[in-house]
Amino acid sequence: MTGSDRSSAPSPDRATDLAADLALAHRLADAADGTTTARFQALDLVVDRKPDRTPVTDADTAVETAIRDLLAAERPADAIAGEEFGGSVGAGRTWVLDPIDGTKNFLRGVPAWATLIALVEDGRPVVGVVSAPALGRRWWASAGAGAWVRSGAAGAAGAAEERRITVSRVAGLDDAYLSTTHLNSWAEHHSREAYLRLVDATWESRAFGDFWQHCLVAEGAIDLAAEAVVNPWDVAPLQVLVTEAGGAFSDLSGAETFQGGSALSSNGLLHRAALDVLGPVGE
């Protein structure tokens, strides 16, 4: 399972349509960045808890509202699914939104958080933008056009650099760099012992967490990122980002989907081996 599994390059007309959708996704991310950067480390930040006890801030809801309003004006026929206000991914076109991925980091003042935006067509992400303004980075991809990152402050003369990104070529687990999120999630949703087996099989491990670890896989900085539990909006843009960078993305059963409730991204060369070590749920 590698990036070569991607479909062939789109037709010229299709590529033009995707470029327009990607340009819109960047505009949505720009609008989000304006709100998130203004509210990051704000003394009057309002924090609440959702029914699942995860935190939500006034910035989360403000960002999703702003993006939904822009999409209603620009793509009124498209469906929307977002973390804060719901919706589902069905047939046709759906924009999938996570206004702030890494809300726990955001509310504690840790700069590793991002707005995640994906366009999904008939169940497959075709456009993805991940904007992390506090890290000074934005990643994006669209089907057939590769994966990219911008580092530095956008709009500042000489400050921003854009470059195409690709996954690593590490071919053995014993040389691989692995990341996950909160370790306790493995005990609840898959198997803590299974993840520790993967740790033991690899060269190095960290918990960069959330969106960032998958972006690091796409950049080739690390080789594997595994999550025992995710929601669709947590990983929709990351699927197209990783695969367009030449890697592989699946749930922990090996299904190439962002809707499987778990996630594994890799450079492709290590994907099957990592799945084999992790094994079925509960083992």
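1. Contact here means heavy atoms within 4.5 Å. Axes are lines fitted to C-alpha atoms, for helices over the stretch in contact, and angles run from 0 to 180 degrees between N-to-C directions. Helices (H or I, at least four residues) and strands (E, at least two) are DSSP runs, numbered from the N terminus.

2. Basis of the model. This is a predicted model: local features need pLDDT of at least 70, side-chain atom pairs count only at pLDDT 80 or more, and totals for chains, interfaces and linings use all residues. Residues are numbered from 1 along each chain as its sequence is written, and side-chain values use heavy atoms, with hydrogens and water left out.

3. Overall figures. The protein has eight helices and 14 strands. Of its 283 residues, 51% count as buried. Buried means under 20% relative accessible area, exposed over 50%, partly exposed in between (1.4 Å probe, protein chains only). The accessible surface comes to about 12,000 Å², and 51% of that belongs to carbon and sulfur atoms. Areas come from the Shrake-Rupley method with a 1.4 Å probe; for residues, only the protein chains shown count as cover. Among contacts with a separation of 6 or more, residues 24 or more positions apart account for 60%.

4. Two strands pair if DSSP finds at least two bridges between them. Strand 6 (residues 124-132) and strand 7 (residues 137-142) run antiparallel and are joined by six bridges. Val-127 has Ser-142 of strand 7 as its bridge partner.

5. The end of strand 5. Glu-121 is found in strand 5. This residue is buried, with a relative accessible area of 17%. Leaving aside neighbours within four places in sequence, Glu-121 is in contact with Arg-14, Gly-92, Arg-93 and Val-126. Asp-122 is found in the loop between strand 5 and strand 6. Asp-122 is exposed, at 61% relative accessible area.

6. Asp-122 has a positive phi of about 50° although it is not a glycine. Asp-210 also has a positive phi of about 50°, and is not a glycine either. Asp-210 is found in helix 6. It is partly exposed, with a relative accessible area of 27%.

7. Helix 6 against helix 7. The axes of helix 6 (residues 210-219) and helix 7 (residues 232-244) come within 9 Å and cross at roughly 10°. Helix 6 is therefore roughly parallel to helix 7. The cut-offs are under 35 degrees for roughly parallel, over 145 for roughly antiparallel, 65 to 115 for roughly perpendicular, and oblique for the rest. Helix 6 contributes Phe-211, His-214, Cys-215, Val-217 and Ala-218 to the contact, and helix 7 contributes Val-235, Leu-238, Leu-241 and Val-242. These residues divide into eight nonpolar, one polar and no charged. Ala, Val, Leu, Ile, Met, Phe, Trp, Tyr, Cys and Pro count as nonpolar, Asp, Glu, Lys and Arg as charged, and the others, Gly among them, as polar.

8. Strand 10 and strand 12 pair in the parallel sense over two bridges, with Ser-179 opposite Ala-225. Strand 12 and strand 14 run antiparallel, joined by four bridges. Ala-225 stands opposite Ser-265 in strand 14. Strand 13 and strand 14 (residues 263-266) pair in the antiparallel sense over three bridges. Phe-249 stands opposite Ser-265 too.

9. Strand 12. Leu-224 and Ala-226 point one way, Ala-225 and Glu-227 the other. All four are buried.
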